[in-house]
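Hi! Here's the structure I promised to pass on. Have a look at it first, then read my notes below.

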Amino acid sequence: MSRRSAPFVAPSYIDDPISSEGKKHAKALLSTLQEDIASFRDEQFPPDILRQIRDMPIYEGNLAEVQAYQQRWHNLLERAMAFYPAANLPPDYLPLPASLEIPQFIYHVQRLHLTKTRAKESKSFGSVGALTDKCGDYSADEIALMSAVFDNDDEARLVAHREFIDLRAYVFCRDSKGEMLEPERVRFYRTGLIVHALPDFKIVDSRQTPRKRRNDAYSNPLADNGVWKIYHKK
């Protein structure tokens, strides 16, 4: 199963976190945290005590090695949890946002299945100007077609799709009784993935044959600049 990320919450130690000033303060503190994480990554990632898996930003070790490396991140993880208190907690076990670039730590891993999947990024827009700011230039005829959508319906939306190859890992872990759990589908390329490998740990590498993406509900784009295809949102 795939996982969203934990929601942002202004830390309780900020005065009046709901006010405009409180929100600005929270954003400034989060920005400082991101800078500190980036500096720490420069020094501590890749990990020097773990073994790299294939050519991926994935590193494996025994229990003591993984715990020792996670301890190095302890202070930054605690600071991050102040902004994302639901991270890795029941009932949803949502991860920290990938934008923080803190490695993901997963324990009791029996098998790792590396895959590439054809996927798409999607953005929605309420004006042609906002769309071209994010998606780039289009021909005059395409601009006219997109503009006509809004001329005919004030509530209309345009949706932009960008296809890409999504790299994922399916992580198979065992519970405290030794039973195999359902796999977690993890996007790891931005953060890095640290796994505690059990005895007889196995790697299945299926990256040479990307899995097919599900059929797209949209066809016949209004515009296509070679990166983003634009459709009238259904």
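Contact here means heavy atoms within 4.5 Å, and buried means under 20% relative accessible area, with exposed over 50% and partly exposed in between (1.4 Å probe, protein chains only). Helices (H or I, at least four residues) and strands (E, at least two) are DSSP runs, numbered from the N terminus. Among the buried residues of H1 are Leu-30, Leu-33 and Arg-41.

Before you go on: this is a predicted model, where local features need pLDDT of at least 70 and side-chain atom pairs count only at pLDDT 80 or more, while totals for chains, interfaces and linings use all residues. Residues are numbered from 1 along each chain as its sequence is written, and side-chain values use heavy atoms, leaving out hydrogens and water.

Back to Arg-41: its charged end sits over the ring of Phe-45, 4.3 Å from the centre. The rule for that is NZ of Lys or CZ of Arg within 6 Å of the ring centre and within 35 degrees of the ring normal.

Next, the rings. Those of Phe, Tyr and Trp (its six-membered ring) pair if their centres lie within 6.5 Å; planes under 30 degrees apart are stacked, over 60 edge-to-face, the rest tilted. That gives seven aromatic pairs. Phe-45 and Tyr-59 have centres 5.5 Å apart and planes at 85°, so they're edge-to-face. Phe-45 is in the loop between H1 and strand E1 (51–52) and Tyr-59 is in strand E2 (58–61), so the pair ties together parts 14 residues apart in sequence. Both are buried.

Happy browsing!
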